[in-house]
Amino acid sequence: MNYYIITGASRGLGRAIAENLLSKDNHLFCISRRMNDDVITEAGLKDCKIDYFEYDFNFIEEIDMLISTIFERINFSKAQTVCMINNAATLNPIKPVGKYPSFEIISSMNVNLIAPMLLISEFIRRTEEVSCNKMIVNISSGAGKHPYYGWGCYCSAKAALDMFTGCVGLEQSNSPNPVKIISFNPGIMDTDMQSEIRQSREEDFEQVERFIKLKEQGKLKSPDFVAKKLLELIHNNETKSGMLYDINELQ
Ligand SMILES: NC(=O)c1ccc[n+]([C@@H]2O[C@H](COP(=O)([O-])OP(=O)(O)OC[C@H]3O[C@@H](n4cnc5c(N)ncnc54)[C@H](OP(=O)(O)O)[C@@H]3O)[C@@H](O)[C@H]2O)c1
């Protein structure tokens, strides 16, 4: 059995990843604030085991309990693969720094950075003795490398998550049962996150016109295309731990 933990599976890329993994050989653990009823129905039709957790990553104190519940349902003696995809994220607040209250900074960091760090830490701790294929994917963004006016929290969280990937990759290279960990930049995709960007006010996000044009010119990738590319990367033995992969640089 292959076990996949997917955060942010209700919409966009997370939903497409879950849909592409529906098979009787896989057991999915999906997490988001809202349940994705369609993926649950489809899983039933395809004889795929699925557990869906409605959870808000702002509640960081209870993440250990969430991961504990998930790991109790994994049969490690039958596991070929255990893979976690940290995909859930929020762009908010979209405004220059100083124009929003402190709690919005805390919320952005909780969802985009602290939650994945806690999940990664617990994944590593709980699978230390497990020798099956173990993999963690952190969904990154070009915003982790380039500053954007109005995206201070989001850019900072993605940059920090990429660095965490690098550090964990280094540490795991010394482990007897290493977890492979990568960051993956999915490029610009046609999801709710992009429609939020297009609705920004220019005084909050200077590049809003550019993103409106990208949509008009049909330059946005479909989440299904990106999900398929990511799964190829996950299943490729040549994929190197600790690295940041960019969809635009994949074959
Ligand atoms: N779209 C792009 O162009 C683009 C570009 C570069 C990188 N990315 C990255 O790609 C990933 C997927 O993005 P997307 O475009 O698919 O985003 P999206 O359409 O906005 O979906 C975000 C997902 O995250 C979940 N989520 C958000 N806040 C949450 C919270 N507090 N607790 C639990 N779950 C939460 C949402 O579920 P609920 O609302 O049900 O909680 C949803 O399933 C993200 O990491 C994003 O940073 C996207």
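The legends below describe close-up views of a predicted model.

In this predicted model, local features need pLDDT of at least 70 and side-chain atom pairs count only at pLDDT 80 or more, while totals for chains, interfaces and linings use all residues. Residues are numbered from 1 along each chain as its sequence is written, and side-chain values use heavy atoms, with hydrogens and water left out.

View 1. Helices (H or I, at least four residues) and strands (E, at least two) are DSSP runs, numbered from the N terminus, and two strands pair if DSSP finds at least two bridges between them. Strand S2 (residues 26-32) pairs in the parallel sense with strand S1 (residues 2-7) over six bridges, and phenylalanine 29 in S2 is the bridge partner of isoleucine 5. Between S1 and S2 the chain passes through helix H1 (residues 12-20) in a right-handed β-α-β crossover, where right-handed means that, with the strands pointing away from the viewer, the path from the first strand over the helix to the second runs clockwise. Six bridges also join S2 to strand S3 (residues 49-54), again in parallel, and a right-handed β-α-β unit is made by S2, helix H2 (residues 37-45) and S3.

View 2. Cysteine 30 has tyrosine 52 as its bridge partner in S3, and its contacts (heavy atoms within 4.5 Å), not counting residues up to four places away in sequence, include Ile6, Ala18 and Phe53.

**View 3. A salt bridge between arginine 73 and aspartate 51.** A salt bridge, defined as a side-chain nitrogen of Lys or Arg within 4 Å of a carboxyl oxygen of Asp or Glu, joins the side chains of arginine 73 and aspartate 51 at 3.0 Å, N to O. The pair links distant parts of the chain, with arginine 73 in the loop between helix H3 (63-72) and S4 and aspartate 51 in strand S3, 22 residues apart. Arginine 73 is partly exposed at 40%, whereas aspartate 51 is buried at 17%.

**View 4. Aspartate 246 in strand S7.** Aspartate 246, found in strand S7 (residues 244-246), is buried yet has no salt bridge, and the nearest side chain of opposite charge, that of lysine 221, is 7.0 Å away; Lys and Arg count as positive and Asp and Glu as negative, with His and the chain ends not counted. The side chain of aspartate 246 does make a polar contact with the side chain of asparagine 185 (3.4 Å), a polar contact being a pair of N or O atoms within 3.5 Å; within protein, one must be able to donate a hydrogen and the other to accept it, and residues adjacent in sequence count only if both atoms are side-chain atoms.

**View 5. Backbone geometry in two loops.** Most residues other than glycine have a negative phi, and most peptide bonds are trans. Aspartate 47, in the loop between H2 and S3, has a positive phi of about 60° although it is not a glycine. The peptide bond from asparagine 92 to proline 93 is cis, with omega near 0°, and proline 93 lies in the loop between strand S4 (81-86) and helix H4 (102-126).

Notes
Buried < 20%, exposed > 50% of the residue type's maximum accessible area, 1.4 Å probe, protein only.
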